[in-house]
There are 2 protein chains.
Amino acid sequence: MFQSAEIGHRIDKKTFNAAVPVLRSALLQAQVQLLEGKKIPVVVLISGQDGAGKGETINVLYEWMDPRFLQTLAFSEPTDEERERPVMWRYWRSLPPKGRVGIFAGSWYSDPIRRRIEGEISQKELDATSEQINRFEAMLVNEGALVLKFWFHLTKEGQEKRLRELQSDPKTAWRVTQWNWDRLKTYDKLMDVSQHLLRVTNTPWAPWIVVEGTDDRYRSLTVGQTLLAAIQAKLTAGDNQDSPVAPMVRVDPDGRNVLSELDMTRALEDKVYRAELAKWQGRLSELVRDPRFKGRSLVCAFEGADAAGKGGAIRRMAAAMDARQYQVIPVAAPTEEERAQPHLWRFWRHLPRKGHIAIFDRTWYGRVLVERVEGFCSQADWQRAYTEINDFEHELIESGVIVVKFWLQITQEEQLRRFKEREQVEFKRFKITQEDWRNREKWGAYQQAICDMVERTSTGNAPWTLVEANDKNYARVKILKTVCERLEAELNAGSPKAKTSDKKPEGKKSGGKKSKK
Amino acid sequence: MFQSAEIGHRIDKKTFNAAVPVLRSALLQAQVQLLEGKKIPVVVLISGQDGAGKGETINVLYEWMDPRFLQTLAFSEPTDEERERPVMWRYWRSLPPKGRVGIFAGSWYSDPIRRRIEGEISQKELDATSEQINRFEAMLVNEGALVLKFWFHLTKEGQEKRLRELQSDPKTAWRVTQWNWDRLKTYDKLMDVSQHLLRVTNTPWAPWIVVEGTDDRYRSLTVGQTLLAAIQAKLTAGDNQDSPVAPMVRVDPDGRNVLSELDMTRALEDKVYRAELAKWQGRLSELVRDPRFKGRSLVCAFEGADAAGKGGAIRRMAAAMDARQYQVIPVAAPTEEERAQPHLWRFWRHLPRKGHIAIFDRTWYGRVLVERVEGFCSQADWQRAYTEINDFEHELIESGVIVVKFWLQITQEEQLRRFKEREQVEFKRFKITQEDWRNREKWGAYQQAICDMVERTSTGNAPWTLVEANDKNYARVKILKTVCERLEAELNAGSPKAKTSDKKPEGKKSGGKKSKK
């Protein structure tokens, strides 16, 4: 979820100053339309790490928008009045009326996150709360509201750096307290908890928007532009009351994303390649024969542009394993039998038994890539697919499956070169069709779809590995190495990750046992 | 949830024999349409208590339908193959393809219920599982499936009686084992768990259909007719892919329901009435001044036909309390401020503080009664309202609020008499308007809406009390008595019910504390 918010987004002063006046007048106009037209209430949650600029962003929104139709609600300790009523009462009474924008600084997410970090509630209790939250937000959206959930993210280093910067400036030093430094110590725990909570509450009707918090200008512009785009989309959307699906907006103020950040010049000399390949193939061969692997299984997912070299990479992986232990599943258009079932059915049926490996050459991500871009399914279908896919992978992980996912990226130029080469070489000609050429025309739309996919489905236990694949040597070694390292880490961890995190951190259960002695 | 399945539904042989041939040919025709037309997969879950006729019903469906396009999946202990894969794998591989009907005997509900009853999982863990189930079913419906979930219910006495009957007949005696008798002992626990699970999984896209299991003919006919009506509704429904809302079907083979079962002749003589009234008013007055009530609060909801006597009953209740402690909230058409908010907002704002009482004269049920019948909101709106209302009341209960709900029922004749009387009496004339006369014309539609409301929102901690209100004396005393008895039971129970049931039954937490001594 946080990958695309860790690439060091920045907006320079000039770009910022040019963009702001346009944005401001558009925001003011949108507010008028909200009030006078469809009267949509807008609920904006500003959440995320401390020091990631929550307060600053709210101030900027006040500067840019008409404050008469804005309301900010900050929640800390509940008041007397609030404590004597159900937990959600304080939020209900703060909801913005139709046509207004309500900004929630701290929200119904803050308390569950804090309580989980401090070990007051178990993983399952957090999940039960997230279910309540999902229903609450679905109700808001069904009642006509636009719900925008921002999460401001900083890397651990980024957070530390920001605190130091704030502290060294006399004008902002007062904002840094011991409390903030203490938060830094719980960074990993917060990431763990929030990553999980964001995943299960990343619904089609109220998706999360993760924003890199380091650069003030980037953050402000992203929030402002996203807010504007979402309001505009909602205002122009049809009045399909039955469909609680949020407009999908993606703003990109500095034009950078997880794909543009890849160093596509990475390469390995043949000699180094051969040595590395042998080394990692040997390692993989040992790992899948490790007795600890008997109770686990491995699912490898390969996605990539046409001619990115998926097949070659898969063959190098397969070469290290016993054919009885693994299966390569080439995913093409669904068969008739498969079309008669939910879209994930054909992947469920190929799940490996314990001790086995399944390698998918193209995967369940088809729906959010080719089906989305080519219009093979409706927008509602691919939007809900993110949640369904996350649920699917989560179920795999919960049952002990190790999930490794690769996106093989090549440049447009390299793809062209490979297409032409294939046309020249007789035995490779079958690999290239008219369709491949057509797909190239949609390069931009595909890049967008890939970024959305990585943002929404790169989760803690099933992260995406983006592979710079212009050089086949480099790509193959990176893939093998990644698989080995994940396998090794998982086997050393002993038991499925998800299972362990279910336990309450205080170890109350073992305490209970002791008392019986 | 189970109220309407406890009234002793029966179908006599003659009615049954007349209905079956019609139903059978319609079912066969519907199967052909499923296969040849829209190719909808139908998922039918047959769940409920043991001995409530699950197996028999499946056999009847096989008799009535074309078995070539039916498949039955029975799930007991997972096989080797299944154990080595994620929990849901066995259900995925059993899904019926498009155009077929798959009957699940035992389903993804069986295991969580069993584990909760046996104390293997906590209430919150059950809730987390139910969230997974809801997502899975939403996915099925989004993928075009019709999901029908039947729950066969028996009263405890009914279950015992059925077991005895089966045992005494040599032809069926083999079906009763010690295991079945053991289940009888866990009846209350099963009711508790299943009532809760049914409530949280009673979604607009896959609602539960609770069927009284006692009478074979009634049960078979209800299932067959519901299946038919649901398939027909789905076949004729528009292709609105974005709207995963199940068609709302209600079949009523014996024409009886919770309202028709009320004894409307109940009455109290004036003398008895005066004595009883004084007694219960005194009791109420004591209870709300009980120190244990300081940590709780009371919400009373009054609904009823026009002229059913809500106002009079509320005044008799209020007379027993200090005006500083309670508030009567008359609910009329929403104000402009209220219309700018979600429909439940205006009820949230009136929630009482601890130690206080709120009496709602008409309630949050307006949406599923008058708004539904008069068409003031869309079908999708009132269908999702059941879930929203259940969530709302559940949040109240979780925070310690005691929720008491009354439906005051009068006959059409009595209503007419009262309307005419009001027209005669000068000071009562204001109470009757043209609209009241109009509402009378929709009597049937209202009765239907009331039955649906009771079925879907009468939950363990917030049950409906149906009040026979033709005689005002009787109604007022029954209401006061019900409030007192609920209050007394709740105060004696000590703490909010929902809170206690959160704890794992093994009391591990206290064990943990001991070990630290």
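The model is predicted.

The domain assignment divides chain A into domain 1, residues 3-236, and domain 2, residues 270-495. Taken over C-alpha atoms, the centres of the two domains are separated by 34 Å. Their contact involves 10 residues from domain 1 of chain A and 11 residues from domain 2 of chain A. On the domain 1 side, H9(A) gives the most, with four residues. By class, the residues on that side of domain 1 of chain A are two nonpolar, six polar and two charged.

The next elements to consider are the sheets. Strands of a sheet pair through backbone hydrogen bonds, either parallel or antiparallel. One open sheet of chain A has five strands in the order S2-S3-S1-S4-S5, and the pairing is parallel. Strand S2 (70-74) and strand S5 (208-212) of chain A are its edge strands, each pairing on one side only. From one strand to the next, the twist averages 20°. Within this order, strand S1 (residues 42-48) and strand S4 (residues 146-153) of chain A run parallel and are joined by seven bridges. Val44(A) has Leu148(A) in S4(A) as its bridge partner.

Two packed helices are described by the angle between their axes and the distance between the axes. For helix H5 (residues 110-117) and helix H9 (residues 187-200) of chain A, the angle is about 135° and the axes are 10 Å apart. H5(A) is therefore oblique to H9(A). The crossing of H5(A) and H9(A) is right-handed. H5(A) contributes Pro112(A), Ile113(A), Arg116(A) and Ile117(A), while H9(A) contributes Lys189(A), Leu190(A), Val193(A), Ser194(A) and Leu197(A). The contact of H5(A) with H9(A) comprises six nonpolar residues, one polar residue and two charged residues.

A further open sheet of chain A has five strands in the order S7-S8-S6-S9-S10, with parallel pairing. At its edges are strand S7 (326-330) and strand S10 (464-468) of chain A, each of which pairs on one side only. The twist in this sheet averages 20° from one strand to the next. Five bridges pair strand S6 (residues 297-304) with strand S8 (residues 357-361) of chain A in the parallel sense. Here Ala301(A) has Phe360(A) in S8(A) as its bridge partner. Helix H16 (residues 379-398) of chain A lies across S6 and strand S9 (401-409), running at about 135° to S9(A). Helix H20 (residues 472-493) of chain A packs on the sheet as well, touching S6, S9 and S10. The direction of H20(A) makes about 160° with that of S9(A).

The remaining contact links two chains. Helix H6 (residues 123-142) of chain A packs with helix H6 (residues 123-142) of chain B at an angle of about 50°, and their axes are 8 Å apart. H6(A) and H6(B) are therefore oblique to each other. H6(A) crosses H6(B) in the left-handed sense. Lys124(A), Glu125(A), Asp127(A), Ala128(A) and Glu131(A) meet Lys124(B), Glu125(B), Asp127(B), Ala128(B) and Glu131(B). The contact of H6(A) with H6(B) has two nonpolar, no polar and eight charged residues.

Methods
Residues are numbered from 1 along each chain as its sequence is written. Chains are lettered from A and ligands numbered from 1 in the order in which they are written. This is a predicted model: local features need pLDDT of at least 70, side-chain atom pairs count only at pLDDT 80 or more; totals for chains, interfaces and linings use all residues. Axes are lines fitted to C-alpha atoms, for helices over the stretch in contact, and angles run from 0 to 180 degrees between N-to-C directions. Helices (H or I, at least four residues) and strands (E, at least two) are DSSP runs, numbered from the N terminus. Angles under 35 degrees count as roughly parallel, over 145 as roughly antiparallel, 65 to 115 as roughly perpendicular and the rest as oblique. A crossing is left-handed if the near helix is turned anticlockwise from the far one by less than a right angle, and right-handed if clockwise. Two residues are in contact if their C-beta atoms, placed from the backbone, lie within 7 Å. Ala, Val, Leu, Ile, Met, Phe, Trp, Tyr, Cys and Pro count as nonpolar, Asp, Glu, Lys and Arg as charged, and the others, Gly among them, as polar. Two strands pair if DSSP finds at least two bridges between them. Domain bounds come from an automatic or database domain assignment.
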